[in-house]
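Hi everyone, thanks for making time this morning. I'd like to walk you through a few spots in one structure, so please have a look at the screen.

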Amino acid sequence: MPVDSLPNSILAHMLAINNVPPPPLRSLPRLRLSKTINYGQLNALCHIRGLKSDQHSSLHSEAHDAFIKQYPQIFLREKTVLPKVSHQVDKRKSALKLAEKKHQPVMPHNISAYLREARGGPSIDEEEITEEKFQEFLNILKKLPIYRTTQEHNMVWKILQSIPELTSQLSNEDVKILSKKVISETWIKGSTVIGDDGLYVLLTGQARRRVKVFRSLIEENDSIITSLYRDSFLFDAELQDSTVAQLYVPSKKLIVKKWGIFGSLKGRAEMDESDRSVVTDYDCEILKIPAKEYEKLKLEKVKHENAQKLKLIRKCPFYETWPTLSILELVSISKFKNFPPGHVLVESGTVISFVGYINSGYCNIYRNVVGLVDLPINKVKKIKKLVYMGKLKEKESFGEISILLQAPFTCTIITGQEVEMAIIEDKDIQ
């Protein structure tokens, strides 16, 4: 007989249900214990003897009374923290002073460090430049500058920044650029180092400066008068018109030690003879900053500044149609100058002393206005007030007509914030 499809489907469903595995067992979530109940004390109360006995017995009544009496002890109470008693004001001040003293750096007991600080130059921290770091510095200098990594260039720059006599002559930006051009030279004992082609820094060893001496040609026994100090030379009346200047190596009073400097970046004509040359007492490693690299740096700075001036003047409204050669003539006689906020550049009724081209910042324009103020008893009084008229913004100029026609300004110009502008003085224009 044919089997009905409905019982077959029910049978297949029952078999499928039997083959399904039971669901996995899941643990019940744990109850979170309240932070305000002492569960140990509650457990002790629930196990008081006689509490579960017959309610009409005397033992049960005693256990019940004990439970009710000790029941409040199961609740935890937060301890109230009273505010601390404030200390006296003088004690608080003394504690603050003590804390400030702890944070203050301890100055070394070295008079040279105080002298360098008083003169405005940084002092070299010998503890910071360890022997290992200094040896690495020497190894870097022996490489050609093009083979040094960026990290090595930064290390040379950081150490050069700590030399007071170097930073007193060069700006931080110049030191950073020149640090990528410095080289190291090795000189043996007894060598004469002429420093007329750059600035030299003694790294190892010791040297002595050479100074001028004067020999008398009159007396049989030559009397030598030597300047033992760099800034004071001794002269003798007998040596007038009869002396020959020679170079002489003096005693140990003009010794050049580690981090000492000689030579110049500004040319031979602008330095003393004692600053120009030294004689090495030992084998020396000397760092050299070439004067030609410094000249290149100055030329690049002038070139960059002139390009900035040319761009600034060309963008001013009255100079947009000027030829480049005419603007370059203005660039050659102009210079950048900064003015603080609130500085009066020109007052009304006066002839300005320069032409200004605003590179950054702005200036406010005011007009002097005379007003009348009513006073009691039918009187009036004249009062001058500055009335705001407008603003001079970046890439705008002023002062040309006043200088060329010698006409007084009809308004007052005051800087609204710190202003950098290229100026041309009236004497250069005339």
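**Strands, a serine and a surface patch**

Let's begin with strand S3 and strand S9 (residues 261–263), which pair in the antiparallel sense over 3 bridges. One thing to keep in mind as we go: this is a predicted model. Within that pairing, tyrosine 200 has phenylalanine 262 of S9 as its bridge partner.

S3 has another neighbour to show you. Strand S11 (residues 284–290) also pairs with S3 in the antiparallel sense, here over 6 bridges. If you find leucine 202, you'll see isoleucine 286 of S11 standing opposite. And how many of the residues in S3 are buried? For S3, which covers residues 198–204, it is 6 of 7, so the strand is mostly covered.

Is serine 397 buried or exposed? Its relative accessible area is 9%, and because the cut-off for buried is under 20%, serine 397 counts as buried. Leaving aside residues up to four places away in sequence, serine 397 touches Cys316, Phe318, Tyr319, Gly356 and Tyr357. Its side chain also makes a polar contact of 2.8 Å with the side chain of glutamate 400.

Last stop, tyrosine 147. You'll find this residue in the loop between helix H6 (131–141) and helix H7 (150–161). Tyrosine 147 has 59% relative accessibility, and exposed means over 50%, so this residue counts as exposed. Together with Leu144 and Ile146, Tyr147 makes a nonpolar surface patch of about 390 Å².

Methods
Residues are numbered from 1 along each chain as its sequence is written. This is a predicted model: local features need pLDDT of at least 70, side-chain atom pairs count only at pLDDT 80 or more; totals for chains, interfaces and linings use all residues. Side-chain values use heavy atoms; hydrogens and water are left out. Patches are made of residues with over 30% relative accessible area and no salt bridge: like charges are joined within 9 Å, nonpolar side chains (Val, Leu, Ile, Met, Phe, Trp, Tyr) within 5 Å. Accessible areas come from the Shrake-Rupley method with a 1.4 Å probe; for residues, only the protein chains shown count as cover. A salt bridge is a side-chain nitrogen of Lys or Arg within 4 Å of a carboxyl oxygen of Asp or Glu. Helices (H or I, at least four residues) and strands (E, at least two) are DSSP runs, numbered from the N terminus. Buried means under 20% relative accessible area, exposed over 50%, partly exposed in between (1.4 Å probe, protein chains only). Two strands pair if DSSP finds at least two bridges between them. A polar contact is a pair of N or O atoms within 3.5 Å; within protein, one must be able to donate a hydrogen and the other to accept it, and residues adjacent in sequence count only if both atoms are side-chain atoms. Contact means heavy atoms within 4.5 Å.
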